[in-house]
Structures are given as structure tokens and as C-alpha cells.
Amino acid sequence: MKKLVVIALVLAVLAGGVFAAPKPVIGALIRNLDEQFVADYAANLKVLAAKAGVDLKLLDSRSDQATQLDQLNTLITQGVKFFVIVPNQTEATEQMAKAIQAVGGGAAFSNIQPSVAALKVGPNFFLASSPESVAGSIQADIIDNYFKKNPGKLAAGKTINALFLLGQLGHPAQKYRTEAVKAGLVAKGYKLNVIAEDTANWKPDEAQQKMDAWIAAYNGKFNIVITNNDGMALGAVESLLTAKYTKSDAADGTILKVPVLGVDATQVALKSMSEDKLYATVLQDSVGQSSTAFELALAMATGKYKPGFKAWGLSPETKPGSEAPANDAAVIGQCYLVPFKAVTKDNYKSFMTK
Amino acid sequence: MAANNAAGTLEARKGFRAFISKNTNLVTFITLAVGLGLLTSGRSFEWPSVRNLMIAESVRAFAALGVGMIIITRGIDLSIGYVVCLVASVAASFAQTPDYTAALYPGIDFPLWLPLMAGVVTGGIFGLFNGVLIAYGKLPAFIATLGTMSIARGAQLIYTRAAVVGSLKDSYKVISQGSLGPIPNLAIYVAIACVFIWILLRHTKRGTNFYAIGGNSMAARVSGINVERETVVVYTYAGLLYGIAGCLLAGRLGLANALTANGMELDAIAAVTVGGISQTGGVGTMSGMIIGVLTLGIINYGMTYLGVDSYYQLLVKGFIIIVAVWFDMKKYARRA
């Protein structure tokens with residue numbers, strides 16, 4: 001009997017705030033609030049919803065695609081039709097789009113790109129994200145600038161000896177960021193020599209372990225560390241610091257013997273830059289992505305969406321690019337590309353929250 | 001007359017109490033369901049909600065049936081999540097569309113039975129391995145399955161190169177995503193599995209052996225039960241069930257990756273514990289396992305429906321599990 005009482009009490013506590021006044025309703029299916037970028041994205045959604053008087057139903061799937069599908073089904077049963085989605089995997093987006101299409105709704109996908117097939121489910125499905133290859137190209141620009149300023153750091157024959165820490169293999173961000181930075185460096189006339197590359201699954205601790213082993217194996221043989229995200233970059237930085245792979249000055253912008261580059265511009269990465277540890281990063285704009293996605297969902301929910309709609313000041317793309325899903329002419333009008341930004345010594349302070 | 005009446009009411013009351021005490025898990029489930037029904041003004045009783053719940057819990061139900069039997073023999077299995085993850089990846093790799101260039105076996109269109117077979121066999125092998133380690137290697141189940149958990153995880157990463165195994169054929173996905181009329185296929189599979197497990201536990205010698213081993217393995221041995229063999233069998237059966245779970249999960253998601261099914265062991269163990277499968281062994285029923293799964297499912301579903309913050313969801317779930325086990329232990333402590 002006591003068990004019943006306890007459970008009844010728990011339920012009673014949960015009962016607060018169930019019934020809301022009729023406001024536009026938007027469902028937000030968020031991959032994993034433990035990730036800094038995603039947490040920033042969700043926080044901005046809440047701010048936007050409060051400002052716009054929207055009933056935002058935000059659910060965190062804790063990195064589990066099955067949970068995300070369950071959450072989508074639950075919201076659909078509750079009558080929610082319009083969604084902002086940070087999916088777990090590209091491959092799952094078509095299935096989610098079909099379920100939403102079945103109730104006449106729509107969705108904007110951010111961060112993990114939806115598949116072309118997902119956007120083809122209907123004209124009410126959007127990409128509101130940043131083309132991953134641009135992050136790689138920007139990394140290549142930053143590296144180019146670094147070696148122009150510090151030509152002595154290059155190996156003979158304009159050679160870059162790089163270590164690559166990659167995100168989860170097959171993840172669009174891993175694939176396109178890596179391809180673009182490599183292609184960018186080659187296009188700028190460098191000879192790119194990959195000393196070692198391996199996945200650290202976006203994680204600082206895995207990156208640190210890989211880096212520990214690499215420092216032992218390739219001491220002095222590499223002149224840059226390129227990573228797919230800040231988490232892994234900071235893991236590499238920790239490893240280099242622990243191994244005393246440092247120099248006495250930070251004239252080239254870092255106290256480490258080799259520059260380390262990340263992507264995301266998380267607050268902790270910026271702090272590391274302020275301490276002359278991490279060399280540079282690339283901002284994946286959580287505010288830009290969430291604002292674009294939110295404005296699209298809101299426009300659909302209030303019946304204001306028309307093809308060519310401007311979201312967060314951005315117009316949809318008109319010409320197919322190289323990266324899915326914005327490489328398919330049939331869905332190009334559903335693709336909103338939020339720009340990445342280079343974050344270097346010159347501008348990092350402007351991205352710090354305090 | 002009056003005295004007779006009073007005695008009658010007293011009897012009825014006693015009977016009611018006994019019923020509740022005997023069926024705490026069922027009563028808990030019904031209370032929760034009614035509570036959620038009130039909170040959602042009846043919408044949680046509507047068919048789409050019920051259907052959602054069935055779909056959401058079906059894969060976990062297979063895992064729970066497996067580990068439920070293991071716990072009846074006083075064992076435990078921590079390898080579930082990663083074994084299901086490995087199985088899902090193996091099954092998915094044989095069910096990818098042949099024109100998908102990033103497929104593990106690009107250009108090959110495997111017959112539909114192969115992914116199912118490969119998945120279930122993979123699960124069975126892991127179960128068998130667990131069973132042998134525990135029964136003949138005399139390793140504590142906790143440690144043995146902790147080891148196989150890591151082996152399964154490593155095998156999954158090696159096999160898939162840590163990549164997403166996606167782009168599955170529609171003919172494979174429909175196995176999980178299809179419906180028979182209004183009833184989702186997944187729920188039908190669970191129902192079939194339940195019948196099998198019910199017969200196994202209630203109407204076969206083997207089932208009786210499982211309870212005997214869990215109740216007192218020394219006594220079971222003395223009474224002529226081959227404890228080692230039965231232990232291997234129960235872990236293998238569980239492995240086969242995880243195999244089915246993994247195959248169905250891959251079909252449901254249309255993909256598998258290293259994050260698929262992570263943490264499922266905790267959900268499954270928690271569910272059967274809430275369902276009255278005692279950690280002290282020898283106690284529990286098939287219906288208890290399913291009620292446990294549905295109870296946790298309704299808690300999950302309810303909290304999602306009501307929009308409870310995901311961090312609080314974890315807290316609430318944790319407390320409910322602790323409370324359920326607490327009462328379970330008290331019940332059997334009194335008996336002992």
C-alpha cells in the first residue's frame with residue numbers, strides 16, 4: 001500500500017502545469033542536452049519561445065534514437081504538428097519526417113543534417129543548419145594564416161605533418177569537416193602528410209588517450225593537431241600539457257609546441273584560448289541555428305510560411321552545393337544554411353558570455 | 001445475524017488485502033495508469049497513446065523476459081545493452097540497401113532471413129558464452145557479464161568501424177514498423193514470446209528447474225537437477241531473446257550505431273524488479289515481467305507526455321525503482 005501512496009505522490013507532483021492556454025505549440029526534439037552545443041541551442045529555443053508566446057514542448061532523448069522516436073509519437077498524439085529537431089542520426093530523419101507528414105505537420109532539422117529523402121517527404125521539412133564542409137574550409141584558412149605567420153613551423157617542402165582526431169566515423173560532421181580541411185590545405189599549395197588519424201567519438205577523454213599514445217609514438221614528427229570538435233581538441237590540449245609538449249613563450253598564439261584546432265567555439269574552448277592553450281576554433285552558431293529553425297516552425301504553426309520565407313534574416317538556398325542535403329535541386333528551397341565563423345586570437349573575446 | 005455480517009465483511013477485507021499484497025505490481029500498474037488517465041483527461045487511454053506505449057516498450061520487453069528468467073535462477077546479466085547493440089549492428093549490416101555506397105557490404109542484396117538469423121545467433125552465442133563462464137568457469141555472474149558487456153561493445157566498434165549502419169531496406173524495416181490492422185507488429189511478437197516464456201516457466205520441467213536453482217541451488221543439485229547445464233540454458237535463452245530484441249530494434253530505428261540500446265540492461269533489470277522478480281531468486285512470473293515493463297513504460301510515457309524535464313525523469317525513475325525493490329525485499333525478508 002505504501003508503494004501506491006509514494007507513486008501517487010510522485011504523480012501528483014508531476015501534475016503541475018499540464019493544462020495551458022491555446023498558444024501556438026512547437027515540439028522540440030533535442031538529441032542530448034549533455035552536449036554543450038545542443039544545450040546552448042535548447043536554451044536559446046526557450047528564450048525565443050518565451051518571447052513569442054509559444055508553448056514549447058522540449059524533450060531530450062539522451063542520445064537514444066529509440067527514445068526520440070517515442071517522444072515524437074507522444075507529441076504527435078498530443079496534437080503537436082510542428083517541430084524543431086536536433087536528430088540523433090541522419091538516417092533516422094526520413095522516418096521522423098514521414099510520421100510528421102502523416103498529421104499534416106512540418107519540421108526544421110538542425111545540427112545533424114537531415115537526409116535528402118527526409119526533405120523530399122514534403123515541402124514543410126527544412127534544413128536549418130550549417131554546412132559542415134564550411135567548418136573544414138575555415139579550419140584550412142586558419143591553418144594557412146598560422147603557417148604564413150610562422151613559416152619556420154612548416155616541415156621542409158611546405159609540408160604539414162598533421163594528426164587528426166575525428167568525430168564518430170560516418171557522422172556527416174566528421175566526414176565533411178575532415179574532407180574540407182584536407183582539400184582546403186591541398187588547394188592552398190601545402191603538402192599534407194597525415195601522420196595519424198583516428199576517431200575519438202567527439203569525446204575529450206578518448207581524444208586524450210589517443211593523443212597520449214601519439215605523443216609517445218610521433219614525438220617531434222607532427223606540426224599540427226586538427227580535430228573535428230572542441231571537446232576532442234581540449235582532450236588533445238590536456239594530453240600535450242601533461243606530456244610537457246610546451247614552449248616558454250606564446251608568440252605564435254599558443255604555449256604548446258604545435259597548434260591545436262577545434263570546431264564549436266564552446267565557452268570552455270574560448271577559455272582555453274584565453275589561456276594560450278587551444279589555438280583556434282570555428283563557431284557553430286547555436287543561436288543562429290536555433291533561431292532559424294524556430295522561426296520556420298513558428299511560421300508553419302501560424303500559417304505564415306510561404307516558399308522563400310526569410311528565417312532569422314536568411315533566405316533559403318537557390319543553387320545546389322556539394323553537401324547533402326543542400327546538394328539536391330528538388331529540395332534546395334528548403335535548405336537554410338547558417339554560416340560558421342572563424343574564431344581566432346583576434347575575435348574570440350567577442351564570443352565569450354562573460 | 002449482525003455478527004455473521006461483520007465476520008463476512010472482515011473476511012472480504014482480509015481477502016482484498018491479501019489480493020493487493022499478492023498482486024502489488026498489478027495494482028501499482030493500474031493505479032499509475034488511472035493516475036495518468038486523470039492527469040491527461042483520458043487521452044492516455046485512447047488508442048494512439050496505448051499503441052505508442054506498446055511500440056516503445058516492445059524491444060525492452062524481450063530484454064526483460066530474458067533477464068527476468070536469469071534473475072529467477074538468482075543470476076544477473078549486465079551485458080544486455082551492448083549485446084543488443086552488437087546484434088542490432090550485425091543485423092543491420094546484412095539489411096542495408098545494396099545501392100548504398102557506405103554500406104558494410106555494398107552492392108550485395110542479402111535475403112531477408114540472413115540479418116534475422118545472424119542477429120539471433122549472435123545474441124545466442126553471447127548468452128551461451130555467459131552461461132558457460134558462470135556455470136563451468138564458476139565466475140560470479142556480475143563479473144562474467146561485465147566482461148562480456150565490454151567484449152560486445154568492442155566487437156560492435158570493430159565490426160562497424162564506429163560508424164552508423166544505416167539505410168536499411170524497407171522490406172526489413174517493415175518487420176518492426178508494420179502493423180496487423182491497428183496492432184503494431186512489435187506487440188504481436190512480444191505476445192508470442194510471452195506465450196512461449198509462460199509455457200516454459202509454468203508447464204515444463206525446465207521452468208521448474210529454474211525456480212529450484214534460484215530458490216536454493218544446493219537443494220536443486222541434491223534433488224538431481226544438473227545446475228550447470230540449466231544455467232547455461234537460461235543464459236542462452238536470454239541471449240536468443242536479446243538477439244530478437246536487437247533485430248527488431250534495428251528495424252524499428254532503420255539503423256544501428258554504437259549508441260543503440262545503451263543502458264538497456266538497467267531498464268530491463270529495473271522493469272522485472274518492479275514486476276516482482278525477486279533479486280533473491282526463485283520468485284517471479286512472466287506476467288510480472290511484462291507488468292514491470294509496462295509500469296516503467298507508463299512512467300516514462302507519462303513524464304514525456306506531461307513534459308517533465310529529462311533530468312527529473314531520471315530522478316523519478318531512480319526513486320521508483322528503489323521504492324519497488326525496498327518493498328520487495330521487505331516482503332521476502334518477512335517470509336524468511
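Trainee: What makes up the accessible surface of chain B in this predicted model?
Mentor: The accessible surface of chain B comes to about 14,700 Å². Carbon and sulfur atoms account for 70% of that area.

Trainee: How many residues of chain B count as buried?
Mentor: The share is 55% of the 336 residues. A residue is counted as buried when its relative accessible area is under 20%.

Trainee: How many helices and strands are there in chain B?
Mentor: Chain B has 14 helices and two strands.

Trainee: Why is chain B called as compact as a globular protein of that length?
Mentor: The globule rule gives 20 Å for 336 residues, and the radius of gyration of chain B is 21 Å, which is close to it, so chain B is as compact as a globular protein of that length. Along its principal axes, the C-alpha trace spans about 85 × 55 × 35 Å.

Trainee: What do the contacts in chain B join?
Mentor: Take the contacts between residues at least 6 apart in sequence: 77% of them join residues at least 24 apart.

Trainee: Which side chains of chain B are counted as charged, and where do the centres of the two sets lie?
Mentor: There are 24 positive and 13 negative side chains in chain B. The centres of the two sets are 10 Å apart.

Trainee: Why is helix H4 of chain B called largely enclosed?
Mentor: Of the 14 residues of H4(B), 14 are buried, so the helix is largely enclosed by the rest of the structure.

Trainee: What span does helix H4 of chain B reach, and what is expected?
Mentor: H4, residues 80–93, reaches 20 Å from its first C-alpha to its last. At 1.5 Å a residue, 20 Å is expected, so the span is close to the expected one.

Trainee: How do you know whether B:Ile134 is buried or exposed?
Mentor: Its relative accessible area is 13%, and the cut-off for buried is under 20%, so B:Ile134 is buried. This residue lies in helix H5 (residues 113–135) of chain B. Leaving aside neighbours within four places in sequence, B:Ile134 has contacts that include B:Leu139, B:Thr231 and B:Tyr235.

Trainee: What makes the phi of A:Asn201 worth a remark?
Mentor: Most residues other than glycine have a negative phi. Phi of A:Asn201 is near 50°, a positive value in a residue other than glycine. A:Asn201 is placed in the loop between strand S7 (191–199) and helix H8 (204–218) of chain A, and is buried, at 15% relative accessible area.

Trainee: Is A:Lys244 buried or exposed?
Mentor: Exposed means over 50%; A:Lys244 has 65% relative accessibility, so A:Lys244 counts as exposed. Phi of A:Lys244 is also positive, near 55°. The residue is in the loop between helix H9 (230–242) and strand S9 (260–261) of chain A.

Trainee: Why is the peptide bond from A:Ala324 to A:Pro325 called cis?
Mentor: Its omega is near 0°. Most peptide bonds are trans. A:Pro325 is found in the loop between helix H11 (286–301) and strand S11 (335–337) of chain A.

Note on methods. Residues numbered from 1 in each chain as written. Chains lettered and ligands numbered in written order. Predicted model: local features only at pLDDT ≥ 70, side-chain atom pairs only at ≥ 80, totals over all residues. Heavy atoms only, no water. Helix = DSSP H or I, 4+ residues; strand = E, 2+ residues; numbered from the N terminus. Rg over C-alpha atoms; globule rule 2.2 N^0.38 Å. Buried < 20%, exposed > 50% of the residue type's maximum accessible area, 1.4 Å probe, protein only. Contact = heavy atoms within 4.5 Å. Areas by Shrake-Rupley, 256 points an atom, 1.4 Å probe, with all protein chains shown as cover. Lys, Arg positive; Asp, Glu negative; His and termini not counted. Charge placed at Lys NZ, Arg CZ, Asp CG, Glu CD.
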